[in-house]
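Okay everyone, thanks for coming. Have a look at the model on the screen, and I'll walk you through a few side chains.

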Amino acid sequence: QVQLVESGGGLVQAGGSLRLSCAASGRTSSRNAMGWFRQAPGKEREFVAAISWSGISTYYADSVKGRFAISRDNAKNTVYLQMNSLKPEDTAVYYCAARTRSTISSTGDRNDYDYWGQGTQVTVSS
């Protein structure tokens, strides 16, 4: 089994930046592609970004493209989401997720992921 723990969320003003981290433990021998999702109040959980196990392939939702960057350090079993130029509409609970495959799903479907963290709150004020 894989355990995922997010950190780095908080309150930030519009235009500011945050970096989220997702630390993985448990099944350390697995080579998992990873993703970030977010869920705002009253809305469905939506895809944000994904990265292959190698870190070479990445995929972003149009809403965050050019502002967010996903990266990983496999030696530390950690995935990051650097968020710049934050907007109030970015306010949500952010979740990291692990996929049993090493490659990215081009659909960004939440059903393509098998393990989930507890989430971390990101609030962007005007």
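Let's start with Glu46, which is partly exposed, at a relative accessible area of 37%. On that scale, buried means under 20% relative accessible area, exposed means over 50%, and partly exposed is in between, using a 1.4 Å probe and protein chains only.

Before I go on, a quick word on where this comes from. It's a predicted model, where local features need pLDDT of at least 70 and side-chain atom pairs count only at pLDDT 80 or more, while totals for chains, interfaces and linings use all residues. Residues are numbered from 1 along each chain as its sequence is written, and side-chain values use heavy atoms, with hydrogens and water left out.

Which residue forms a salt bridge with Glu46? That's Arg38, and the closest N and O atoms are 2.7 Å apart. By salt bridge I mean a side-chain nitrogen of Lys or Arg within 4 Å of a carboxyl oxygen of Asp or Glu. The general idea is that side chains of opposite charge can pair when their charged atoms come close.

So, is Arg38 buried or exposed? Buried, because its relative accessible area is 5%, which falls in the under 20% class. You'll find Arg38 in strand E4. Strands here (E, at least two residues) and helices (H or I, at least four) are DSSP runs, numbered from the N terminus.

Arg38 has other polar partners too. Its side chain makes a polar contact with the side chain of Asp90 at 2.9 Å, and a polar contact of 2.9 Å also joins it to the side chain of Tyr94. A polar contact is a pair of N or O atoms within 3.5 Å; within protein, one must be able to donate a hydrogen and the other to accept it, and residues adjacent in sequence count only if both atoms are side-chain atoms.

Now follow Asp90. The side chains of Arg67 and Asp90 meet in a salt bridge, 2.8 Å from N to O. Arg67 is in the loop between strand E6 (58-60) and strand E7 (68-73), and Asp90 is in the loop between strand E8 (78-83) and E9, so this pair ties together parts that are 23 residues apart in sequence. Both Arg67 and Asp90 are buried.

How many salt bridges does the structure hold? Four. One of them is between the side chains of Asp62 and Lys65, at 3.1 Å, N to O, and here Asp62 is exposed and so is Lys65.

Then there's Arg99, in the loop between strand E9 (92-98) and strand E10 (115-116). Arg99 is buried yet has no salt bridge, and the nearest side chain of opposite charge, Asp112, is 4.9 Å away. For charge, Lys and Arg count as positive and Asp and Glu as negative, while His and the chain ends are not counted. What the side chain of Arg99 does reach is the backbone oxygen of Thr103, at 2.6 Å.

On to the rings. The structure holds five aromatic pairs. Rings of Phe, Tyr and Trp (its six-membered ring) pair if their centres lie within 6.5 Å; planes under 30 degrees apart count as stacked, over 60 as edge-to-face and the rest as tilted.

Take Phe37 and Phe47: they form an edge-to-face pair, 5.6 Å centre to centre, with 75 degrees between the planes. Phe37 is in strand E4 (residues 34-39) and Phe47 in strand E5 (residues 46-51), so the pair ties together parts that are 10 residues apart in sequence. Phe37 is buried, and so is Phe47.

Tyr113 and Trp116 are also edge-to-face, at 6.3 Å centre to centre and 65 degrees between the planes. Tyr113 counts as buried at 6% relative accessibility, while Trp116 is partly exposed at 27%. Ring pairs link Phe37, Phe47, Tyr59, Tyr113 and Trp116 into a cluster.

The charged end of Arg45 sits over the ring of Trp116, 5.1 Å from its centre, and the charged end of Arg31 sits over the ring of Trp53, at 4.9 Å. That label needs NZ of Lys or CZ of Arg within 6 Å of the ring centre and within 35 degrees of the ring normal.

Okay, that's me done!
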